[in-house]
Amino acid sequence: MPYSSLFRSEEMSLIQLYIPQETAQPTVAELGELGLIQFRDLNPDVNAFQRAFVKEIRRFDEMERHLRFFDAQLTKSDIPVRPLTGDIRNIHARSAQEIDDLEEKIIEHERRITQMNDSYETLQKQYLKLTEMKFVLQETRVFFDEATSRQDNIRNSFDEPTAPLLEQQDLEHGSESLVLHHLNLGFVTGVISRAKMLTFERILWRALRGNLYLKYVEIDEPITDPETDEVLEKNVFIIFAHGKELINKITKISESLGATLYPVDSDPNVRDNNSTEITSQIEARNSVLQNTYNVRRTELLKIAEDLNIWMTIIKKEKAIYHTMNLFNYDSGRKCLIAEGWCPSNDFDKINQALRNATDQSGSTVPSILNELRTTKEPPTFIRVNKFTVGFQEIVDAYGVAKYREVNPGLFTIITFPFLFAVMFGDFGHGMLVTAAALYLVIREKKFEKGISDEWHGNQTDAQQIGVYPIGIDPAWHGSDNFLIFTNSYKMKMSIILGVIQRDNNGELVHSAPPGLLNMLIYMFLQPGVVAEEDKLYPGQGFVQGTLLFIALICVPWMLLTKPFIMRRDHKKIRSQGYHNPQMDTTRVSTDEDNEYGGAVVAEEMFEVEEFDFGEIMIHQCIHTIEFCLGCISNTASYLRLWALSLAHAQLSSVLWDMTLKPTLGMSGVLGTIAFIIAFTLWFSLTVFILLLMEGLSAFLHALRLHWVEFNNKFYEGTGRKFQPFSFKLILKDDDH
């Protein structure tokens with residue numbers, strides 16, 4: 001049995017399943033719980049609306065729509081949905097009868113909720129009209145009281161259409177209705193949005209040429225729109241005018257601007273009776289509204305208990321039939337034929353899942369599993385855990401490894417934190433980052449629902465100089481040549497680390513400080529010659545010359561060896577009579593009784609590309625040139641280790657000197673206050689600049705060193721990720 005390793009992807013097998021029709025749904029459900037098979041589409045030419053299980057998928061789409069409606073109603077009513085507890089495997093796929101019962105239950109809940117919503121909305125609209133009518137009666141009473149306490153001086157001619165109707169003078173004392181009748185006055189009352197009041201007033205004034213008397217007042221109490229649940233600001237208005245034509249014109253203008261008109265009698269006794277009746281109706285509507293609200297809330301609380309369970313069941317069932325649409329149906333054998341990729345190590349688990357599905361369904365016909373031989377490139381599957389998944393995602397963001405290609409994720413686990421630490425370059429700040437990471441690890445269970453990616457903190461270790469286990473000699477801090485020393489030290493360290501990571505070998509020797517850059521330059525300009533002051537060890541010139549000679553030999557070796565080996569292998573295959581093997585590699589499953597001619601599955605199982613020596617030579621030449629140029633440019637790129645590490649150290653020093661250091665010599669109360677203020681400023685800037693901004697910068701540069709300088713030496717990253725049919729992954733994607 002092949003072994004599992006992070007170094008290379010899992011060995012994969014192409015399998016074929018024969019699933020009896022009566023056990024297809026429970027079998028696919030069991031495989032979905034297992035999550036180890038990536039099914040292939042055996043009906044690529046069939047339209048999505050013409051597949052076998054479209055009817056079932058539409059049915060579950062409709063049920064899902066009902067559940068989304070419930071969720072919207074719960075959100076609107078501020079009722080929390082009960083979260084799922086335990087393993088989602090406990091929420092297993094249901095039988096056909098259980099699905100029918102669930103559908104009936106969901107439809108009944110929706111019918112009741114919809115009916116109560118309609119009743120509640122109708123009651124709210126009636127309540128809104130009664131409330132507005134109450135305010136209209138209250139405010140018009142004030143208007144009429146003012147009108148009866150004044151006298152009105154009417155112009156001599158009512159026939160002049162441009163003459164103003166009323167002026168702000170007292171009306172004659174007497175009955176309101178008699179006064180209005182005597183003057184041939186009519187009035188319009190209603191409610192309009194406060195935002196439209198100014199526009200309303202201007203249109204009326206221009207349309208009626210000033211022949212009106214308008215009075216309005218704001219409604220202080222909030223009014224809620226039953227359709228949108230928005231709080232509306234409205235005004236009550238009354239408009240006096242003479243003549244039916246003007247009254248009709250006012251009515252049309254009011255309705256066009258969305259005003260609601262209410263009839264009000266001019267007799268005060270009738271108005272008082274109407275006010276009393278409306279008040280009693282409002283109290284009755286309030287009681288009915290409260291009862292309807294309580295019943296509706298009780299119904300929604302019942303739904304909230306099971307909504308997530310129902311949603312999980314529906315999503316699983318829908319995914320099952322989507323997957324079954326990828327299968328082929330053999331009408332002769334009354335079974336479904338499926339193909340897919342799975343890890344070779346998990347054959348036993350898949351067989352066990354098939355047996356479990358057969359036993360649970362009570363069928364006597366088992367499902368059959370066959371392994372197929374093929375030259376198709378399998379998907380890439382690399383097993384990860386909570387620790388390795390973060391580093392593997394960094395690699396996959398660059399490109400998924402080809403099948404059985406060396407996986408850079410294994411090296412990234414070591415090199416990424418190390419290069420990050422080199423650029424971050426501060427032990428104290430590294431301890432703060434580690435403390436933050438430790439906090440996230442401790443609170444992982446609480447955060448895992450809202451955080452999909454894992455955060456990893458890394459403790460940084462500097463290079464050892466002399467007897468100091470961590471960092472460099474403290475005597476350098478504050479010295480005049482501190483920057484010169486650290487600049488040279490970190491630059492040389494960056495070049496050495498870059499060469500080590502690229503070539504995966506290296507040797508550090510303690511000696512007098514060498515001129516490393518000059519030594520590398522003269523290694524090419526004067527092969528085999530090393531100045532005495534630049535020697536690191538005896539025989540260095542011979543070693544450098546030998547390495548340079550080997551490097552030169554590697555150029556034609558890289559250019560010519562691979563193409564000629566491939567050409568030799570191709571000629572060997574042709575000489576044995578196996579040219580164009582793809583001409584006869586069609587796999588056909590037949591059935592003599594099949595009315596469609598017996599062909600059930602027909603597909604090319606082998607993919608063989610035509611050999612073109614010229615194309616291979618051009619491709620190899622491009623890669624050789626790119627590799628040779630990269631040896632120089634990529635090594636220089638590792639100087640970013642020097643630049644970021646030096647910048648971080650200098651920023652730390654500047655921040656200390658300009659904030660906290662000046663307050664250390666101060667004494668007394670003033671010194672204490674200054675120290676507290678300076679410490680707060682220093683710590684805040686340290687967190688936001690040195691930890692967050694510098695940490696992000698170091699992370700991005702470490703990412704670049706892995707993606708560009710490291711991966712391009714050996715990593716193609718042109719594979720496709722293994723995406724199995726898994727309920728866990730489907731539900732996780734839906735949650736996000």
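How many bridges join strand β3 to β8? In this predicted model, two bridges join β3, which spans residues 185-193, to β8, and the two strands run antiparallel.

## A four-stranded open sheet

Strands β3 and β8 belong to an open sheet of four strands, whose order is β4-β7-β3-β8 and whose pairing is antiparallel. The edges are taken by β4 (213-218) and β8 (260-261); each has a single partner strand, so one side of each is left without a neighbour in the sheet.

Helix α6, made up of residues 244-256, lies across β3, β7 (234-242) and β8. The helix runs at about 160° to β7.

Gln16 is located in strand β1, which covers residues 12-20. Its relative accessible area is 5%, and the cut-off for a buried residue is under 20%, so Gln16 is buried.

The side chain of Gln16 makes a polar contact of 3.2 Å with the side chain of Tyr18. Gln16 also lies 4.5 Å from Glu339, C-alpha to C-alpha, although 323 residues separate them in sequence.

## Regions annotated as transmembrane

An unreviewed UniProt entry lists residues 418-442, 508-525, 545-565 and 668-693 under "transmembrane region". Among them, the span 418-442 is 92% helix and 0% strand in the model, with its end C-alpha atoms 24 Å apart.

Technical notes. Residues are numbered from 1 along each chain as its sequence is written. This is a predicted model: local features need pLDDT of at least 70, side-chain atom pairs count only at pLDDT 80 or more; totals for chains, interfaces and linings use all residues. Side-chain values use heavy atoms; hydrogens and water are left out. Two strands pair if DSSP finds at least two bridges between them. Contact means heavy atoms within 4.5 Å. Axes are lines fitted to C-alpha atoms, for helices over the stretch in contact, and angles run from 0 to 180 degrees between N-to-C directions. Buried means under 20% relative accessible area, exposed over 50%, partly exposed in between (1.4 Å probe, protein chains only). A polar contact is a pair of N or O atoms within 3.5 Å; within protein, one must be able to donate a hydrogen and the other to accept it, and residues adjacent in sequence count only if both atoms are side-chain atoms. UniProt positions are given in the numbering used here, feature names are shortened, and annotations may be inferred rather than shown by experiment.
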